[in-house]
Amino acid sequence: MHQYGLSSPSQNARNNASIAPVKVFSAKVSSSNVGMVLVKPKLRQRGIWGSQRRNASLKMPVMRNIVILTGAGISAESGISTFRDANGLWERYRIEDVASPDAFRRDPDTVHRFYNLRRAQLSSVQPNAAHLALAALERGWTEGDFLLITQNVDDLHERAGSQKLLHMHGELLKLRCDGCEAVIRHDGDAGTDMACTACGRRKTMRPDIVWFGEVPFGLDQTSKALLQADIFAAIGTSGMVYPAAAFAERAKFNGRGCVTFEINPEPTGALVFDQLIAQPATLGVPAFVAAVSHPLGTP
Ligand SMILES: [Zn+2]
C-alpha cells in the first residue's frame, strides 16, 4: 500500500506554482489498482471548490446543485453481473432475446426467467463503499439540489440509503402491467400466469425495465436537473457513450460553470469531462465525495 495525493502528469512546470497538493483527493490504493486523479488547474482558478466560502467578505450564497449518474461499474464491485462478464449470468442469454418488447411478445417465459435470475441475485449482494458514500453525500448536502440518476436496475442505491434517486432504466423489483400501466413492487419470481393486482388481467405483467427501443424514465426531470447542475459526475459508466457523454455535455454547457467529473478505472478520455478520477468506484467515489463535501480550504 502506498498513499498518493494529486497526480497531474500532464501538467508542466509552468502550472506547478498554482497547484498545491489537494489532500481531499488522497486515497490509499493497492499497487494493483493505482489510478490517477487529475485535477486541472482551472478548477482552482475558477474557485469551484468553494472559494466563495473561504472569502467571507463576498457574502454570496453558495448554492451548488449536484447531479450524479451511475452505471454498471458501481454495481459490478458488489458482484452484480454485467453484460460484459465472461461466465456471468448474461452469458446464457442473448441480449436480443430478453431485452426488447418484441422478445417479450415472442417468448415472455424466457424473459421472465432471465429477470427472475437477476432479481434473485440481489439477495446475495450488498451495497459497497461507493453506494454508501453517495448516500452520505445526499444526507449532508444542504448547499443545493441533489439528484442521483442510475442506469442500474438493482436496488443497491436504495439499500445504501439514497432517496433522491431516479432509475432511468427501471427496477428489477418492479413489474408493470401492459394492460393498465400499474406498477407494483415484486421481489419474488414473476411469470406470465400472474394477475395484475390493479386490473385483474393475466399475461400482462412485465418487468418494469426499459428495454431496447423504449424511452428511459424521467428524461424531463433529468434534463431540468442537468440544466441547473453545478457539479456533475459520471460514475462507472462509459464516458464516451450515451447517456454519460450527453448528460455531461448538457451540464457542462448549461451556463453555470458546471464542473464535470468522470470516475472510471478505465477512463474514456472524453473531453467533456473536466476532472478524471481513474479509480474503481469504491475508491474514487469516496474521494469525490470528500472533495465536494470539503472543498479546498474548508474543514
Ligand atoms: Zn393491470
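The model is predicted, and its largest nonpolar core has 48 residues. A second, separate core of 15 residues also occurs.

**The nonpolar cores**

- Within the largest core, the residues with the most contacts are V67, L134, F232, I235 and F288, and the largest share of this core, eight residues, is supplied by helix α12, which spans residues 281–293.
- When neighbours within four places in sequence are left aside, F232 is in contact with V67 and L226, with F247, A248 and A251, and with C258, T260 and F261.

**Helix α8**

- Helix α8, made up of residues 129–139, is mostly covered, since eight of its eleven residues are buried.
- The buried residues of α8 are A130, H131, L132, A133, L134, A135, L137 and E138, and L134 is also among the residues with the most contacts inside the largest core.
- These buried residues pack against the strands β4 (66–70), β5 (146–150) and β10 (231–235), and also against the helices α4 (72–76), α9 (156–160) and α12.

**The surroundings of C180**

- C180 lies in the loop that runs between β7 (170–177) and β8 (183–185), and C180 counts as exposed because it has 12 C-beta neighbours inside 10 Å.
- C180 and M205 are 25 residues apart along the chain, and their C-alpha atoms are separated by 9.8 Å.

Definitions and conventions
Residues are numbered from 1 along each chain as its sequence is written. This is a predicted model: local features need pLDDT of at least 70, side-chain atom pairs count only at pLDDT 80 or more; totals for chains, interfaces and linings use all residues. A nonpolar core is a set of buried Ala, Val, Leu, Ile, Met, Phe, Trp, Tyr and Cys residues joined through C-beta atoms within 7 Å. A residue is buried if 20 or more other C-beta atoms lie within 10 Å of its own, exposed if 12 or fewer, and partly exposed in between; C-beta atoms are placed from the backbone. Helices (H or I, at least four residues) and strands (E, at least two) are DSSP runs, numbered from the N terminus. Two residues are in contact if their C-beta atoms, placed from the backbone, lie within 7 Å.
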